[in-house]
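The questions below ask on what grounds a structural term is applied, and each reply sets a value against its criterion.

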Amino acid sequence: MFSFIVQRLMVGIVTLFGVAVMVFLIMRVIPGDAAVMLSGAGAGAVSEEELAQVRTQMGLDRPLVVQFVDWAGHVARLDLGTSLRTGNPVFDDITRRFPYTLQIVVMATLIAVFLGIPAGVLSARYAGTWIDQLLQALSIGGLAAPSFWVGLILILGLVSLFQWSAPLLWEPFWVSPVKSFTQLIWPALAVGLRQLALIARMTRSIMLEVLGEDYIRTARAKGLSEWHVVIRHGLSNGLLPVVTLIGFEFSALFGGLIITEAVFSVPGLGQYVVASILNRDYPAAQGIVLVLAGIVVLGNLTVDLIYGWLDPRTRLRGAET
Amino acid sequence: MTISGPSNTDAVTRRDVLKTGGAALAAAAAGPQWALAQGAPKRGGTLRVSNGGDPPDFDVHQSATYLTQFVTAPCYSTLLRADPNDYDKLIPDLAEKTDVSADGKTVTFHLRNGVNFHNGTPLTADDVIYSLERIRKPPRGIVSPRKGLLGNVDSMEARGSHTVVVHLTQPQPDFLFMVSNAFNAIMSKKVAEPLDAQGQGMKRQIVGTGPFRLTQSIDGQIYELSRFDGYFGQPAYLDKIQFFPIRGEIERGAALQGKRIDAGFFFPNEGVLQTLRRVSGMTELRRPTPTFINLIPNIQRKPFDDIRVREALSLAMDRESFIKTVGPLAGAFFHSHGLMPPGSPYSLSEAEIKQFSGYDTLPGLGGNIAANRQKAMALLEQAGVPKGFKVVILTRGDLPAFRDSAINLSAQFKNIGLDVTVDVRDTGTFYTMETTGNFQLVAHSVGMGGAVPDQILGEGYTSYGGRNYGNWKDDSLDNLFREQSRELDPKKRAALIKQFQLAFLKTYYQINLAWVGYGAAHWNTVKGWKALPDIYANMQMDKVWIDA
């Protein structure tokens with residue numbers, strides 16, 4: 001198991017290095033100039049000389065290799081640099097925003113898991129009945145509805161029905177749990193709906209397969225209650241692909257909240273990504289992309305570990321290779 | 001002439017300034033005063049306002065965006081400021097008295113005594129000179145997009161600790177309006193100078209003399225200002241102003257409806273404003289602003305160096321249709337006859353504007369778009385532009401005034417046989433492509449802080465103006481601009497301004513389409529704020545109160 005983890009971590013480090021190179025190059029290759037953005041040159045009379053001074057101040061007139069080595073050296077020491085836009089250390093900006101995004105992701109995932117799996121199980125158990133058809137229709141709707149649309153409907157619905165919407169001054173969960181919950185439950189619902197639908201459909205499909213297996217027939221023949229058969233023997237054996245899906249979706253959500261955070265004005269990582277890229281804030285954009293990539297790498301590693309725990313065969317296969 | 005007095009009845013108007021080269025303005029020691037008939041003001045409370053996003057930074061001299069100006073305006077003062085009751089008037093702010101010499105070349109600002117910055121240091125003439133020099137000739141590493149506003153300044157000197165004398169290279173009737181531009185804040189020399197020397201500037205802090213001071217700034221979340229009790233004028237009524245960055249217009253509208261905010265000052269889309277209009281207890285408004293949408297051909301690129309091609313583009317545009325289509329999307333509801341904003345005393349007559357190709361399709365002028373397009377195709381043929389010629393209109397995707405204008409124009413140009421595509425870019429890419437001349441055509445929306453001729457014509461329509469993205473060069477136009485700028489006789493100046501517009505319009509260097517009106521809305525509990533026809537003016541908020 002230890003060698004399995006070490007092996008995966010090594011792959012993760014190589015992946016992150018690749019991401020670092022890619023994001024560094026992409027930020028330099030895409031059209032646009034950080035000096036132009038930071039100088040307000042869009043408004044007119046800023047001379048090329050003034051822009052050159054700004055580039056020198058930011059170190060952007062140095063060769064690309066020098067810039068990369070300088071940045072990578074700092075990253076290796078866990079220093080992501082200073083944001084050109086906010087003037088704060090990128091690490092501080094990210095840690096300040098991280099709790100909001102994390103909370104949305106966790107809440108969305110919990111909503112998806114605790115509603116999606118039962119919905120999938122119910123759907124499979126009553127396959128072909130009106131219950132199944134209703135749940136299928138809802139899950140297709142959940143997949144089809146874009147999260148930004150769901151978000152806007154939620155905001156406007158709350159306003160129209162209750163003349164209420166969550167206050168804009170955000171507070172982390174540990175400062176004000178109730179307020180934080182009432183603020184972030186709505187974006188979590190908006191993004192969780194798609195996840196919920198995905199999990200429900202995956203669970204239904206797996207359960208349909210599992211419920212047709214011989215050991216399920218044997219269990220029923222033994223006289224076990226139907227729900228004991230479905231949950232204990234069916235679900236526990238069919239959970240593996242669902243766990244994989246949950247894991248991947250969990251890590252992917254960190255980078256996928258951009259629009260939902262914008263709709264709800266949540267000061268999370270998604271908004272930071274957008275602001276950094278639009279303003280050509282190179283240190284911030286590079287830093288946040290690297291952090292998000294790290295989250296995905298860690299998420300995948302966690303899924304692999306859970307997979308190995310749930311199914312010892314995969315652990316053994318990993319050890320053999 | 002001296003401009004002085006205890007109230008806005010003694011303020012300087014555009015006409016006053018034009019009447020003679022000499023003027024003066026003064027105020028009572030109590031500071032700027034005006035009354036808005038909205039009942040007795042109440043002290044206390046917090047005004048929650050949306051901003052369209054985070055300010056890129058706080059250095060208002062280096063900024064070109066309302067995102068910065070909205071947050072910083074309540075914290076800074078200018079020498080003079082727009083009268084909230086009459087946008088055509090200036091009233092004293094930091095300068096309690098202003099003298100203009102008889103020849104119009106020397107302007108003396110007499111500063112108030114006892115004005116303190118937020119850090120407790122007193123305001124002196126050195127602060128004013130440093131601030132104006134910072135705009136006019138920025139230190140190394142500092143950029144100044146509005147240095148042209150003070151381009152006529154020859155030198156400045158301090159006479160004592162509270163008098164600033166500005167020497168102009170030539171008389172300039174619009175000078176007081178240029179110096180009072182809402183972005184031309186007076187900063188503390190002691191604070192700004194060392195930061196400028198390090199190349200940092202005032203990007204991370206606000207130290208002004210305004211009625212509010214910055215007390216909290218969390219990127220992506222909140223910018224909080226608190227009342228500055230040491231303000232030289234009447235203390236602000238509000239305890240606090242909180243700005244929340246909300247990018248989306250629909251989201252801003254929803255936040256307002258849901259009472260997450262009390263006011264929103266930026267609603268271009270008519271659909272959003274219509275929704276708010278139906279909400280009981282909401283005040284909404286739309287004002288024309290000095291923001292124009294022009295089509296700008298790149299004169300350095302063929303075939304747009306050929307005036308016949310540019311004229312054909314102007315002919316192809318159905319301006320009334322443009323206003324009806326783009327208006328509700330981007331707030332581009334307004335038009336004028338000529339280059340000056342709607343309602344300007346310098347507008348051209350119907351007959352004068354109709355002589356320029358395509359402008360007869362402005363609302364009410366009865367132009368025949370089908371005939372115009374026939375003429376346009378003939379001109380293109382004469383210029384050797386084949387049918388199906390590929391044209392790309394550069395635009396930016398984040399603002400409807402740019403994006404929707406470009407889309408509308410592309411459809412209109414297809415009617416004269418051009419194969420048009422719209423190149424939608426993000427802001428960073430757009431700015432770079434536009435400022436480096438990497439485009440054929442660009443649909444540009446230009447928002448000015450101020451509507452005097454020197455600003456609109458100087459920045460928008462001279463070879464050296466900051467908005468000459470098409471990169472044309474025309475000494476005769478530049479000379480004509482300078483001539484009108486220094487003319488002290490109002491009648492003669494008006495004639496020169498008209499002459500300039502007529503001369504510019506026949507070049508088709510830029511093709512005027514429409515003027516944008518900004519939309520604003522607030523709950524009726526917000527009192528004392530008056531929208532002026534300039535999105536940047538009257539944003540100090542010192543007379544605003546909450547009637548909860």
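Q: What share of the contacts in chain B between residues at least 6 apart in sequence join residues at least 24 apart?
A: In this predicted model, the share is 68% of the contacts in chain B between residues at least 6 apart in sequence. Two residues count as in contact if their C-beta atoms lie within 7 Å.

Q: How do you know whether the radius of gyration of chain B agrees with that of a compact globule?
A: For 548 residues, a compact globule would have a radius of gyration near 24 Å. Chain B has 23 Å, and therefore agrees with that expectation. Along the principal axes, the C-alpha atoms of chain B fill a box of roughly 70 × 55 × 45 Å. The chain has 16 helices and 21 strands, and 60% of its 548 residues count as buried.

Q: Why is S217(B) called partly exposed?
A: A residue is buried if 20 or more other C-beta atoms lie within 10 Å of its own, and exposed if 12 or fewer do. S217(B) has 19 such atoms within 10 Å, and is therefore partly exposed. S217(B) belongs to strand β11 of chain B, residues 212–218. Its C-alpha atom is separated by 9.4 Å from that of R204(B), 13 residues away along the chain.

Q: What makes the buried residues of α5(B) lie on the same side of the helix?
A: The buried residues in helix α5 of chain B (residues 189–197) include K189(B), A192(B) and D196(B). They cover an arc of only 80° around the axis, which puts them on the same side of α5(B). An α-helix has 3.6 residues a turn, so residues three or four places apart point the same way. The buried residues of α5(B) pack against α3 (125–136) of chain B. After α5(B) comes G199(B), with a positive phi near 80°.

Q: Why are β5 and β6 of chain B said to pair, and in which sense?
A: Two strands pair if at least two bridges are found between them. Strand β5 (residues 80–83) and strand β6 (residues 86–92) of chain B have four bridges, in the antiparallel sense. L80(B) stands opposite P92(B) in β6(B), and a hairpin of two residues joins β5(B) to β6(B).

Q: How many residues do domain 1 and domain 2 of chain B each give to their contact?
A: Domain 1 comprises 12–210 + 525–546, and domain 2 comprises 289–517. Their C-alpha centres lie 31 Å apart. The contact takes 23 residues from domain 1 of chain B and 19 residues from domain 2 of chain B. On the side of domain 1 that touches domain 2, α1 (14–19) and α4 (175–179) of chain B are the elements that give two or more residues. The most comes from α1(B), with three residues. By class, that side of domain 1 has twelve nonpolar, seven polar and four charged residues.

Q: Which element supplies the largest share of the side of chain B that touches chain A?
A: The contact between the chains takes 42 residues from chain B and 43 residues from chain A. On the side of chain B, α6 (249–257) and α13 (427–435) each supply at least two residues. The largest share, seven residues, comes from α13(B). By class, the side of chain B that touches chain A has 13 nonpolar, 17 polar and twelve charged residues.

Methods: Residues numbered from 1 in each chain as written. Chains lettered and ligands numbered in written order. Predicted model: local features only at pLDDT ≥ 70, side-chain atom pairs only at ≥ 80, totals over all residues. Rg over C-alpha atoms; globule rule 2.2 N^0.38 Å. Nonpolar A, V, L, I, M, F, W, Y, C, P; charged D, E, K, R; others polar. Arc of directions from axis to C-beta. Domains from an automatic or database assignment.
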